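Welcome! Here is a short briefing to read alongside the structure.

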Amino acid sequence: MKRIAILTSGGDAPGMNAAVRAVTRKAIYEGMEVYGINYGYAGLVAGDIRKLDVSDVGDIIQRGGTVLYSARYPEFATEEGQLKGIEQLKKFGIEGLVVIGGDGSYHGALALTKHGYPTVGIPGTIDNDIPGTDYTIGFDTASNTVLEAVDKLRDTATSHVRTFIIEVMGRDAGDIALWAGVAAGADYIVIPEREFDIKEIAAKISKSRERGKRHCLIMVAEGVMSGQEFKDLLSQEGDFHERVSVLGHVVRGGAPSVRDRVLASKFGWKAVELLKEGKGGLCVGIRNEEIIASDIIDTLENQKHHPDLTLYTMNNEITF
Ligand code: F6P
């Protein structure tokens with residue numbers, strides 16, 4: 001292939017810029033031309049496409065967000081939207097596309113693949129909920145941002161002998177709550193992948209209070225319920241001096257971690273290696289620290305993401 005394009009789509013994630021940089025620079029290194037598509041699939045359909053040079057992706061590896069901007073564009077789920085997108089790609093003479101994003105973005109890449117258009121997906125979402133990879137770009141930074149906030153909440157919880165219920169993003173997955181929760185020494189982690197018993201949690205808080213523990217930190221993944229709903233349930237079991245903290249979109253911003261920058265660079269580099277060889281219909285990932293490429297149809301239709309639930313069991317056995 002001689003001319004490829006790249007887009008970022010769905011919720012932005014720290015490290016997306018490092019992937020855009022890696023794709024652009026590697027493609028230019030290989031003698032290819034690279035086009036950036038603004039605003040994800042919305043920009044693709046609208047033809048908001050520009051050529052990227054080496055300097056266009058300079059000074060971005062350290063920045064959060066995405067310099068290509070992003071959008072949620074449900075219209076791309078329709079055949080009409082997909083065909084319009086392919087028409088634009090052909091108009092610009094673009095022979096292959098790199099899509100960086102989460103679940104919705106991957107489904108767009110799957111649709112393009114089914115239309116026979118060479119596409120490679122790079123998993124980029126803070127949620128870490130994409131099949132075919134152990135980690136997605138942005139998950140590490142987002143988990144660290146949550147951790148930093150929870151460490152601060154612990155200070156004030158201890159001063160006032162309070163229970164903090166911390167609601168975190170993750171859509172239907174519990175990975176952020178789980179990893180940040182373990183790292184913060186959270187007393188309880190409530191995730192969609194495991195049922196919880198409110199009476200058991202209340203008993204656990206009472207017991208730890210009895211032995212003089214001053215703070216209590218409960219991580220609640222948004223996929224289970226809101227922090228406020230959890231507080232309402234807990235307060236029916238007693239008075240635990242509860243406060244709710246919703247971390248929200250703050251978790252999506254900020255400079256990417258070392259891990260995310262390196263992961264994004266590896267994914268971007270690999271995606272271009274594949275397109276260079278004329279290979280599309282794939283998504284890149286990391287399995288046991290090795291960069292892999294998998295069939296995107298098989299990945300999305302037959303595989304599921306599973307968080308590391310040994311962390312959940314472990315946390316219950318080491319934090320009380
Ligand atoms: O997928 C990333 C994510 O931040 C989820 O964790 C969250 O549920 C959702 O996006 C929020 O979407 P929006 O930015 O459109 O409100």
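Leaving aside neighbours within four places in sequence, which residues is Gly-11 in contact with? They are Met-16, Arg-72, Gly-124 and Arg-252, where contact means heavy atoms within 4.5 Å. This is a predicted model, in which local features need pLDDT of at least 70, side-chain atom pairs count only at pLDDT 80 or more, and totals for chains, interfaces and linings use all residues. Residues are numbered from 1 along each chain as its sequence is written, and side-chain values use heavy atoms, with hydrogens and water left out.

**Annotated binding site**
- An unreviewed UniProt entry gives the annotation "binding site" to Gly-11, Arg-72, Tyr-73, Gly-102, Asp-103, Gly-104 and Ser-105; such annotations may be inferred rather than shown by experiment.
- Although these residues spread over 95 residues of sequence, they cluster in space, with a largest C-alpha distance of 12.7 Å.

**Two of its residues**
- Gly-11 sits in the loop between strand E1 (3–8) and helix H1 (16–29); helices (H or I, at least four residues) and strands (E, at least two) are DSSP runs, numbered from the N terminus.
- Gly-11 counts as buried because its relative accessibility is 16%, and buried means under 20% relative accessible area (1.4 Å probe, protein chains only).
- Asp-103 lies in helix H4 (residues 103–114) and is partly exposed, at 39% relative accessible area, a class between 20% and the exposed class, which is over 50%.

**A helix pair**
- Leu-178, Trp-179, Gly-181 and Val-182 in H6 meet Leu-311, Tyr-312, Met-314 and Asn-315 in H11.
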